[in-house]
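Open the model in your viewer and keep the sequence panel beside it. This tour goes from one selection to the next and says what is there.

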Amino acid sequence: MQFAELGLRAALLDAIAELGYKEPTPIQEQAIPLLLAGKDIIGSAQTGTGKTAAFSLPIISQLGPHGPGPRCLVLEPTRELALQTYDNFLKFARFTQLRTGLVYGGVGYGKQMDDLKHGIDILVATPGRLLDHLSQGNLRLDKTTFLVLDEADRMLDMGFLPDVRRIVLQCPKKRQTMLFSATIPPAIETLTTWAMNEPVRIEVGGYRQPAETVKHVLYPVAEHQKETLLLGLLEHVHWESAIIFCRTKRGADIVESFLRRAHHKAAVIHSDRSQVERQQALDGFKSGRFEVLVATDVAARGLDIADVSHVINYDVPEHPEDYVHRIGRTGRAQASGDAFTLYTAGDAQFVAAIERFISQKIPRLKLETFAYQYTALFDEGRLGPLSERKTKGVRMGKGYFCGSARKR
Ligand code: AMP
C-alpha cells in the first residue's frame with residue numbers, strides 16, 4: 001500500500017516524501033484510515049513500529065488551517081518522549097500553518113507560557129506540568145477535540161493516571177481519543193471505557209514478540225563476575241553503539257562509572273539526573289559522542305534512537321514486558337541488532353517468566369576466552385536439551401554455545 005492511498009492531505013504527503021518514508025508501516029496502514037474516519041482507537045504496537053506517525057498524520061490531516069486551540073493534545077509519560085513526539089509533529093506539519101507546542105516539567109515556565117499565549121494547534125505535554133498551566137489559567141482545553149494518551153501503561157506505572165483523568169475531564173466530550181499501550185491492565189481498561197467512544201482495537205505484530213530482526217541471547221554468569229563479563233563482551237564482540245539497561249538508578253550510575261574507568265565513552269540516563277543532563281546524554285549518544293548509553297527502563301522507554309547495534313541487559317528486567325521493550329531498542333525499522341542479557345542464578349524466576357511471556361526459550365551463550373567462575377546456571381542444560389538453536393556458534397557441553405551471538 002502507498003501513503004497516497006490512505007486519504008491524507010497533500011501537505012502531509014509532501015512531508016512524508018521529504019522524510020523518505022517509502023510506504024506505510026502495518027500500524028499506519030491500519031490506524032490512519034480508521035482515524036481519518038473519526039474512530040477512537042486503542043493501539044498496542046511495539047515501539048519502533050511507526051506508531052507516532054500512525055496517530056499524528058491523520059490528526060494533522062483533519063486539523064485544517066491554524067485556529068484557536070489547542071485542538072489536539074498528546075499526553076506523554078516522560079519528557080524525552082514528549083520531546084520526541086513534538087519533533088515528529090514539527091516534521092509532519094512542516095508544510096501546514098499549524099503551530100505545535102511542548103510543555104513539560106523540569107524547565108522554566110517562561111517560554112511555555114509565551115507559546116501558549118501565542119496560540120497553538122497541537123500541544124504535546126507531560127501530565128504534571130500541563131495541570132500546572134491549566135490551574136494557572138494559561139490555557140484551556142475546551143477546543144481539544146483530538147486527544148492522544150500515549151504509553152498509557154507507563155503513565156499508570158508512574159502514578160500519572162489520576163492526573164490523566166483530571167486532564168481528560170477538561171476536554172470536550174465530543175472528541176476523538178486514541179490510546180496507545182503495550183499492555184492493557186484493568187486500570188487502563190477502565191480508562192478506555194469511560195474516556196473513549198466505541199474504540200477499535202489495533203494490535204500489530206503482538207507486543208509479546210520481540211522483533212524478528214533482533215538476535216537475543218542470555219549470558220549466564222556468577223553475580224560477582226558481571227562487571228568483568230560486560231567489559232569482556234564490549235571488548236570481544238564487534239559493536240557500534242550500545243544501550244545498557246540496569247534495574248536501578250544507582251546500578252546505572254555504577255555501570256556508567258566502571259565503563260568510563262575502562263575508557264568507554266559512556267553516558268547515563270535516569271530520572272534522578274536533571275533534564276539538561278538527560279538531554280545531553282541522549283543528544284551525545286545520538287550524535288556518536290557517547291558510544292554507550294546506560295539507562296533505566298523508565299528513562300529509556302519508547303525513545304527513538306536509531307542504529308543501536310546492541311542492547312545489553314546488565315540486569316534481567318523484573319517485568320517480562322520490559323524485556324520486549326528493552327530489546328526493541330535495537331533491530332528497529334528493519335535493521336538487525338543483537339540483545340545480550342547477563343543472567344545470574346538470582347534471576348532464574350525472571351528469566352523463566354520472560355521465556356513464558358514470549359513463548360520462546362532464549363539461547364544461552366558463553367563468551368570464549370572469558371575466565372568463568374562456576375555458577376549453578378551452568379548445570380541448567382542438564383534439565384533438558386537446548387536443541388533447535390538457530391544462533392551461530394560452536395555447540396559446547398551442557399547445552400551451551402560458545403562465541404558471540406553474531407559478528408557483524
Ligand atoms: P515510532 O514507532 O513512532 O517511534 O517510529 C520509529 C521510527 O520509524 C522513527 O524514526 C520514524 O521516523 C520511523 N518511521 C515511521 N514511519 C515510517 C515509515 N512509514 N517508513 C520508514 N520509517 C518510518
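**Stop 1: helix H1**

This is a predicted model. Select residues 10–19, which form helix H1, and colour Ala-11, Leu-12, Ala-15 and Ile-16: these four are buried. Now turn the view until you look down the axis of H1. The buried residues fall within an arc of 135°, so they line one face of the helix.

Next, show helix H3 (51–63) and helix H4 (79–92). The buried residues of H1 pack against these two helices. Then step past the end of H1 to Gly-20, which follows the helix and has a positive phi, near 85°.

**Stop 2**

Go back to H1 and select Glu-18 together with Arg-94. Their side chains meet in a salt bridge, with 2.0 Å from N to O. Glu-18 belongs to helix H1, while Arg-94 sits in the loop between H4 and strand E3 (100–103). The two residues are 76 residues apart, and the pair links distant parts of the chain.

In the whole model, the count comes to 20 salt bridges. The next stops visit some others.

**Stop 2**

Select Asp-322 and Arg-154. These side chains also form a salt bridge, at 2.9 Å from N to O.

**Stop 3: a pair between two loops**

Select Glu-318 and Arg-247, whose side chains meet in a salt bridge of 3.6 Å, N to O. Glu-318 lies in the loop between strand E12 (310–313) and H14. Arg-247 lies in the loop between strand E9 (242–245) and helix H11 (249–261), and the two are 71 residues apart.

Glu-318 has 40%, so it counts as partly exposed. Arg-247 has 31%, so it is partly exposed too.

**Stop 4: a network**

Finally, select Asp-253, Glu-256, Arg-260 and Arg-273. Which feature joins these residues? Salt bridges that share partners connect them into one network.

Technical notes:
Residues numbered from 1 in each chain as written. Predicted model: local features only at pLDDT ≥ 70, side-chain atom pairs only at ≥ 80, totals over all residues. Heavy atoms only, no water. Buried < 20%, exposed > 50% of the residue type's maximum accessible area, 1.4 Å probe, protein only. Arc of directions from axis to C-beta. Contact = heavy atoms within 4.5 Å. Salt bridge = Lys/Arg side-chain N within 4 Å of Asp/Glu carboxyl O.
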